[in-house]
Amino acid sequence: MATKTRNHDTIDIYGANENNLKNINLSIPKNKLIVFTGLSGSGKSTLAFDTIYAEGQRRYIESLSSYARQFLDKFGKPDVQKIEGLTPAIAIDQKSTSKNPRSTVGTITEIYDYFRLLYARVGTQYCYECDKPISKMTKEDVINQVLQLPTGAKAMLLAPLIKEKKGSYEVLIENLKSKGFVRAYIDGVLVRLDEDITLSKTKKHTIKAVVDRVVISKENEQRIAQSVERGLIESFGELEVDIVNHEELHTTKHTHYSEHMACFDCKISYEKLEPISFSFNSPKGACLSCDGLGIRYSLDMQKVINDELTINDGAIRVFYGFNKSYYFKMLKAFCESFDIDMDVPFGTLESFQRRAVLHGTVDEFTFTWKRHRLKRKWQGIVKLAYEMIKDDKDRDIYMTEKICSSCGGYRLNSSSLAVKVAGKNISKLLDMPIEKSYKFFKKLSNFEYFDKISAMISAPILQEIRDRLYFLDDVGLGYITLGRDARSISGGEAQRIRVASQIGSGLTGVLYVLDEPSIGLHEKDTKKLIKTLKALRDKDNTVIVVEHDKETMKEADYIVDIGPLAGKDGGEIVFQGDMRQLLKSGTTTAQYLSGEKKIEYYFRRPQKNFITMENVNINNIKKLDVKIPLKNFVAVTGVSGSGKSSLILQTLLPVAKQLLNRAKRIDKVDGVAINGLDQLDKVIYLDQSPIGRTPRSNPATYTGLMDEIRKLFEQTKEAKLRGYGIGRFSFNVVGGRCEKCKGEGEIKIAMHFLADIMVKCEDCKGQRYNEQTIQVKYKAKSISDVLAMSVTEASEFFIKHPKLNAILKTLLDVGLGYISLGQNAITLSGGEAQRIKLSKELSKRDTGNTLYILDEPTTGLHFADIDRLTKVLHHLVGLGNSVVVIEHNLDIVKNADYIIDMGPNGGDKGGKIVATGSPEYIVSTQKTTKSWTAKYLKHEL
């Protein structure tokens, strides 16, 4: 009985051995907020995601039919003896949201679906031409409209039957004759129906029956009313009127009437509203110009033409490169024929000459191409450029995204954008930050104008919208707009969106596993997130959070510390209990939390030279000027959505790449003046994107270790005797690798409705190389043995090899001693990938004039790892380089030489510089600046 009771209150894991876990036995309480912490690579994610969550999902999926299972993600059985007390599991990780250009925040949160339903059911239609309300025309309305035509008008009343459709329509014509119709317009020609009419069934036809030909007068009112009624019945509510003598009466020739939705003034008919009318993924709702994307691609003439160069020196950029000499030869002949100087800057040519080069002329000219004398008309750069680059892989170099002029970037057609609820069309709601949108829907007076039926229909829809907006605002996403492109959402934001969705779902008895949800959150918003996680817990759910954040740990009900170190030296439970007990435990985590160990590298270097940025206008930043000190460790801080990435990654980085790295494909912000980059020689941007996307990518290949290792094996006595070259020791090419697994060490076995299984290759036993290659040894180790070494082991093994040791030392410096040289790149976290990139740069010869830009490098890092990272970054600055870090982590921020704090809040309440200076100065001026960063930084200094 005791065991059953315990299982009811706890989740019990026995014998967990997945990855580096060492036969872990663990019991964690249910319906609590539990934090898994420990050094990076210690096994937190392995225990939380690869063991507990994977087993929960696997059990659920195996309860389904074999038919259903083949359509779901499949989970193999984790290496664990058993798990008792497990409940259904949901993982909320940092995987970015959809990369589909059609996805927006509104669509991924499903709020947009409720907007569509709301506008379709209770929206008021307005005419997109005159902005007057649309109403239905009754039969009486149509009769009155026709009778109001000028007296004496010779009217032809037509019943539209077929519009642009293929067919021979013999039955329809016979039917019209039997009903007494004498004439009809067929494809714009008036014909008698008693004539022999033959229509091609493969061509599109338009047929309108002539109901009556009548003069508008008082005497004919009864006849007109009967004819209108007959016409509306015949064409299911449609009627057209042609005025034969419209010119002498100065009136409209053709008018279309409908019993359906229509604008009387503009004579425009509207279709009945449906939710699909507001879908930009459907032809019924999408803008015709941009096909529902909200953007259009057009030539960027600044990228096509350099006004400062002459034509001979390359002013027409698009005409230079492989297989483009024909066009340049033709341009040269054109310029000679029309006396256009090719040796003066293009921008100084006469306006008519520039216009001729750009847009062409009607005159012909001759030129010689490969001994052939050709006569041509010059079509102009613009037309030729479109033709040349439409299938060119480099077309992005010359094209730019522009907001669609037809829909204003809102993706919908004119009639859908003209529908209003509470005086606002759907585009206004999409432009609102979530915080404002929630206030709008919360204000009941906005919807008081609804009649009883509309109020009843809208009530459940409005409640769903309010609930979802509230939860999104509650997790600190109030600054995001619902119309924002989902591709621009960060991993942390995506995770918080999914947390909010789960709270809204109202599930109970579920196990939630979250991967560092505090990523990308300022301290100000972390408290909101913790409140949300507690709300999930309070609905009788178990919440496991893999986290390093101090605040989250303080608020947790239970903490599991995994260690003691990382990789092979980790995978053990070093502590489990509450925060009070943890502080007394003496683990590495406890030492940093208690203040026994501190991350303090206070250099406070002076600011002498700067990069200046003037007139920055992008997203929520308007007319901003900023100075970034060089040869400093600079932290760019501010609440989520304050404009940090817009300023550094979207404005500074592209220009720095172009000027310093000679990058071609950049997307610059127009109108910004940036000075001071001439004091640098290159820029290095370190993000958290993967270092490779195939199982053959690994730290050894990425950092260049593999090339040096292969050289060592090539120089061994055994390799020389066998005649093996350097290529023999590559697992990417035929020769030395195992051909059964193509050098991957594993073979994927498709299991249909079960999880695909990765099986160790039988031929090479997972060693990647064939038997002959593995027989070659260096210091009694094969190349496969070397790839299986951890960075720490390899550092000791290659201690007398300076080049290899230098690369390995940089990997150790950034805290990656635990990863193996041949570890599959796909299994590396974003933070590990970023640190591998940093170590690669550190191993290069330093010039002392490099600008390093890092985006939240503390992601996935424990206090001990942040300590190492801070030391490395200060070392870079000590060599004369400049380091700019976008960061929320206060351990990094307090160690910066200079802080640029943005805000004061997110979204449209951000985009400004709140405070600049040293950490001490920022804190001392907090009462004046009202800086959120300073408020929380004060407790760290």
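Predicted model: local features only at pLDDT ≥ 70, side-chain atom pairs only at ≥ 80, totals over all residues.
Local features need pLDDT of at least 70 and side-chain atom pairs count only at pLDDT 80 or more, while totals for chains, interfaces and linings use all residues. Residues are numbered from 1 along each chain as its sequence is written, and side-chain values use heavy atoms, with hydrogens and water left out.

**View 1. Strands β16 and β17 form a hairpin.** Strands are DSSP runs of E, at least two residues long, and helices are runs of H or I, at least four, numbered from the N terminus. β16 covers residues 364-369 and β17 covers residues 372-377. They pair in the antiparallel sense over 6 bridges; pairing requires that DSSP finds at least two bridges between two strands. Phenylalanine 367 has leucine 374 in β17 as its bridge partner. The turn has 2 residues between the strands, and lysine 370 there has a positive phi of about 50 degrees.

**View 2. Helices α17 and α18 cross.** α17 spans residues 434-442 and α18 spans residues 452-474. Their axes come within 9 Å and cross at roughly 145 degrees. Axes are lines fitted to C-alpha atoms, for helices over the stretch in contact, and angles run from 0 to 180 degrees between N-to-C directions. Contact means heavy atoms within 4.5 Å. Residues of α17 including Ile434, Tyr438 and Phe441 meet residues of α18, among them Leu462, Ile465 and Leu469. The contact residues divide into 8 nonpolar, 1 polar and 4 charged. Ala, Val, Leu, Ile, Met, Phe, Trp, Tyr, Cys and Pro count as nonpolar, Asp, Glu, Lys and Arg as charged, and the others, Gly among them, as polar.

**View 3. An open sheet holds 6 strands.** The order is β29-β32-β33-β27-β34-β35, with mixed pairing. β29 and β35 stand at the edges with a single partner strand each, so one side of each is left without a neighbour in the sheet. The twist averages 15 degrees from one strand to the next. β27 and β33 run parallel, joined by 4 bridges. Valine 634 stands opposite valine 884 in β33. Helix α24 packs on the sheet, and its direction makes about 140 degrees with that of β29.

**View 4. Aspartate 897 is buried.** This residue is found in the loop between α34 and β34. The backbone nitrogen of arginine 604 lies 3.2 Å from a polar atom of the aspartate 897 side chain. Aspartate 897 also touches residues including Phe603, His874 and Pro919.

Notes
Buried < 20%, exposed > 50% of the residue type's maximum accessible area, 1.4 Å probe, protein only. Polar contact = N/O pair within 3.5 Å; in protein donor to acceptor, adjacent residues only side chain to side chain. Lists of a residue's contacts leave out its neighbours within four places in sequence.
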